[in-house]
Amino acid sequence: MSTIATESTTVDPPKPTGLVMQIIIRRDLLTVHSWPIGPLLAQSAHAATAVLHRYREHPDVRRYLEGDDGRGWEGMRKVVMEVPDGNALKTMAEKLDEMNNPIPYHLWVEQPENTPTALALIPNKRPKALKKIMDEVGCELFK
């Protein structure tokens with residue numbers, strides 16, 4: 001009996017890019033204004049789709065969509081967060097605009113009501129300045 005030795009090579013999986021998309025929705029639409037959950041979920045989808053389309057040429061959006069971590073679509077990371085109300089959502093948009101290195105975002109405004117409902121940021125690496133803004137406006141994980 002003979003044994004054939006073969007060289008085994010280990011290939012490390014690609015490292016994740018660390019990019020995550022934050023989608024922020026208004027909690028009061030559910031609790032105060034009694035929106036059904038379906039339309040509320042649609043608002044987050046509208047905002048996410050709009051920001052990806054609007055900034056489709058941004059390098060971070062391209063990396064996110066192309067799945068450069070080797071996992072393709074499965075590598076996409078999103079987190080859904082909430083703010084208490086419309087004022088907090090508008091304040092967050094203003095503070096994002098004032099950042100030294102602003103993160104592109106899209107504020108979805110539902111029509112014909114002209115109601116800001118959700119905000120989505122392009123995929124990013126969650127800089128400390130963003131965390132600070134989120135804390136200031138009362139943004140937390142959606143529950």
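**Arg26 and Asp28.** I looked up burial at this pair and found Arg26 buried, and Asp28 buried as well; buried means under 20% relative accessible area, exposed over 50% and partly exposed in between, with a 1.4 Å probe and protein chains only. Their side chains meet in a salt bridge, 2.8 Å from N to O. I count a salt bridge when a side-chain nitrogen of Lys or Arg lies within 4 Å of a carboxyl oxygen of Asp or Glu.

**Basis.** I note that this is a predicted model, in which local features need pLDDT of at least 70 and side-chain atom pairs count only at pLDDT 80 or more, while totals for chains, interfaces and linings use all residues. Residues are numbered from 1 along each chain as its sequence is written, and side-chain values use heavy atoms, with hydrogens and water left out.

**Other salt bridges.** I find nine salt bridges in the structure. One of them joins the side chains of Arg62 and Glu57 at 2.8 Å, N to O. Arg62 is partly exposed, with a relative accessible area of 36%, and Glu57 is exposed at 57%. Glu57, Arg62 and Glu66 are linked in a network of salt bridges.

I also looked up Lys95 and Glu136, whose side chains meet in a salt bridge of 3.1 Å, N to O. This pair links distant parts of the chain, with Lys95 in helix H4 and Glu136 in helix H5, 41 residues apart. Helices (H or I, at least four residues) and strands (E, at least two) are taken as DSSP runs, numbered from the N terminus. Lys95 is partly exposed at 27% relative accessibility, and Glu136 is partly exposed with a relative accessible area of 43%.

**Helix H5.** Which residues of H5 are buried? In H5, residues 128-136, I find Leu130, Ile133 and Met134 buried. They lie on the same side of H5 because they cover an arc of only 100° around the axis, the arc being that of the directions from the helix axis to the C-beta atoms. In general, an α-helix has 3.6 residues a turn, so residues three or four places apart point the same way. Lys128 and Lys132 are exposed on the other side of H5.

The cover over the buried residues of H5 includes strands S1 (21-26), S2 (78-83) and S4 (115-121), along with helix H4 (86-97). After H5 comes Gly138, with a positive phi near 75°.

**Strand S4.** I find S4 mostly covered, with seven of its seven residues buried. S4 pairs with S1 in the antiparallel sense over three bridges; two strands pair if DSSP finds at least two bridges between them. Ile23 stands opposite Ala120 in S4.

S4 also pairs with strand S3 (residues 105-110), in the antiparallel sense, over six bridges. Here Glu110 stands opposite Thr115 in S4. The hairpin of S3 and S4 has four residues between the strands, and Asn114 takes a positive phi near 60°.

**Core.** The largest nonpolar core has 33 residues, of which Ile24, Met92, Leu96, Leu119 and Leu121 touch the most other members. Helices H2 (37-54), H3 (59-66), H4 and H5 and strands S1, S2 and S4 each supply at least two residues of this core. A nonpolar core is a set of buried Ala, Val, Leu, Ile, Met, Phe, Trp, Tyr and Cys residues joined through side-chain atoms within 4.5 Å.

I then looked up Leu121, leaving aside its neighbours within four places in sequence; its contacts include Met21, Ile24, Val51, Met92, Leu96, Tyr105 and Leu130. Contact means heavy atoms within 4.5 Å.
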